[in-house]
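Welcome, and take a moment to look around before reading on. The paragraphs below walk through the structure step by step.

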Amino acid sequence: MPQSRIDASSRRRLRQAVVPDPDRPEPNPAPAAAVSGLILDASPHLIVLATPAGTEARLPMSDATSIWYAGKADLSALQPGRRAIIRPSADGLAAERVWVDIVRAAGTIVVRDGATLDVDEGPHRGVTHVAIPPRTLSQILVRHPHFEPGYLVDVIGVRSADGLLAVRPGTRSQPDYPADSVPRQRPVEPAPPVLAGAATWFGAQGGEVAYPALDQSGGGCGDVPAGYANLPYLSVGSELYIRNECTGRAARMPITQCGCVAGRFRDRCVVCEASPRGRIVELSPAEFVDLGGDLDEGCFNVTVRVG
Amino acid sequence: MVDTLQEAQLPLLACVLILACITKIAFREAGETIGTGTIAAFRRYRPAVIAVAVVEGSIGAALLLTAHPAARLATVVVFFVATSVVFDLRTSEAHAGCGCFGGLSNTPVRFRTLLRAFLFLLAALAVVGMPATGLDVIRAGSGWVGAVVATELAVVAALSPEIGVLLARRRERTPCEQRTVPLSETFSILRASRQWREHAGMIATADPVDVWRELCWRFLVYPGRAEDKDVEIVFAVSTEERNPTVRVAIVRPEDSDTGPNPLYALSV
């Protein structure tokens, strides 16, 4: 649940007055902003979306536009009524990549009935129903040897009438411990000034940044188990300088909610090189795409600096 | 010789039970090392853990003070249950600690932990029916008994991962940015500080209007008046375990977000 009542800019102003930041790295020029919305119309040359702000967005398509719908797809995937997230090309003039009806479920398996799951995504996100078609079941089982209630699962799929239709795993290796028995990194050492690990995305409207170690006094994570990575405590409104180490794109964004479930994963991201273990930030799809992440990959190697 | 061996078990068992009582109360188990299942649910319920600790401490004291058969029987029952629980954890929980000595027993159960529990059970069986109390044995001060107890303590130490955990805890202090700090601790530090005393007269409300934390600082904002103007008094209280510091700044409420505008700031 986004904690929008907290005024992040006011907190930043007051904190600066009493504990000034030593230095703040400036992000490189803002990348082309992702566009998301409901598909109204699509042709080989143009896609039209109804955005959440109530406006129409029109982006030219080209032969180089890549479309994802449960895998690499063609123009027939761009059916009116489906949701799309579009990454514009570097010049912002055309659609470079389009993800159609992509959704994700990452959390604890609470019920398994054959190839269907109920996944608890945390106290603030609820339970998602996941159906796994036979053609992708083996691929997901390979990455999830503990495919049973109590263990963590992460799958990426497409939206369907019955919930999430899984098409691929969202993790390279499922944690081998139950979700409520997360081991801590030992020994506990001071957090480095730049945190390194994996960034993932989650189903949310734009502008959301979730962080696993929120202090309860500042709109925190509540009474949930600690995560794997020894992350410093922060609060809703704390600013993060987030850099995609695979693309070099960076942005400064305030934390908006708790990412307690992400904190329980001890996996690595290998989109470019192998990241250190642990998920340290979760982004809403538009922010993930803005930083150069591919939603179907599920993660990117990230460094995060506080402030 | 057999009598000496039997007598030596009384102070040893009393010592172990009282130590288990103290550590269960002093070192709370972390949720992630408890594991799953019925026993784990019991161990997560703090009043139940305290009750077990009190029972163990009472039996330990009884071994020292009385030769009543009930105390000896209770000792056997306690170590039989402990051995069963440790065996169950060893076979079914790969990551859980046994909690035998509270939060110090947080490492996965290995064979040596199981062996230790079994040896304690044998020691408990050995003292059933003995006429002496633990204090009687200690007062008698036999050199042989002392040697046996010392040897057994050395064996117990070798079988106890808790000693390593305790030493590691003393070496490793949680860094301030990762310390879990209750709000009550922050308020105690703040209200005992010079900065609070110097600015308390300006503060308009008893409770802060905003509290949050970043890294090693917890921030508390109070509305107040300075030079006949409304101001915000911002305290920053460090989360250091030792020698925490307090800073204060007085800030005009923002008309627009034009950046920080402190009237003055003090740091200590």
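**A walk through two chains**

Let us begin with chain A, where buried residues make up 50% of the 307 residues. A residue is buried if 20 or more other C-beta atoms lie within 10 Å of its own, exposed if 12 or fewer, and partly exposed in between, with C-beta atoms placed from the backbone. Please keep in mind that this is a predicted model, in which local features need pLDDT of at least 70 and side-chain atom pairs count only at pLDDT 80 or more, while totals for chains, interfaces and linings use all residues. Residues are numbered from 1 along each chain as its sequence is written, and chains are lettered from A and ligands numbered from 1 in the order in which they are written.

Chain A holds three helices and 19 strands, whereas chain B has 10 helices and five strands. These helices (H or I, at least four residues) and strands (E, at least two) are DSSP runs, numbered from the N terminus. In chain B, 38% of the 268 residues count as buried.

Now follow one of the sheets in chain A. Seven strands make an open sheet with mixed pairing, in the order S3-S2-S1-S6-S7-S4-S5; two strands pair if DSSP finds at least two bridges between them. Strand S3 (56-60) and strand S5 (72-73) of chain A stand at the edges with a single partner strand each, so one side of each has no neighbour in the sheet. Strand S1 (residues 35-42) and strand S6 (residues 83-88) of chain A run antiparallel and are joined by four bridges. Here Gly37(A) stands opposite Ala84(A) in S6(A).

Next, where do the chains meet? In this model, 34 residues of chain B are in contact with 36 residues of chain A, contact being C-beta atoms, placed from the backbone, that lie within 7 Å. On the chain B side, the elements that give two or more residues are strand S1 (210-214), strand S2 (217-226), strand S3 (229-238), strand S4 (246-251) and strand S5 (262-266) of chain B. Leu234(A) counts as buried because it has 24 C-beta neighbours inside 10 Å. Beyond its neighbours within four places in sequence, the contacts of Leu234(A) include Tyr211(A), Ile255(A) and Glu214(B).

What about the nonpolar cores? Such a core is a set of buried Ala, Val, Leu, Ile, Met, Phe, Trp, Tyr and Cys residues joined through C-beta atoms within 7 Å. The largest has 109 residues, and those with the most contacts inside it are Val98(A), Val100(A), Val281(A), Phe219(B) and Val234(B). S3(B) gives the most to this core, with six residues. Apart from it lies another core, of 36 residues, including Leu13(B) and Val148(B).

Finally, turn to helix H4 (residues 69-92) of chain B. Its 24 residues should span 34 Å at 1.5 Å a residue, which agrees with the 35 Å between its end C-alpha atoms; the expected span is 1.5 Å times one less than the number of residues. Among the buried residues of H4(B) are Ala71(B), Val78(B), Phe79(B) and Leu89(B). The buried residues of H4(B) pack against helix H1 (2-26), helix H3 (46-65) and helix H5 (111-126) of chain B.

Conventions:
Contact = placed C-beta atoms within 7 Å.
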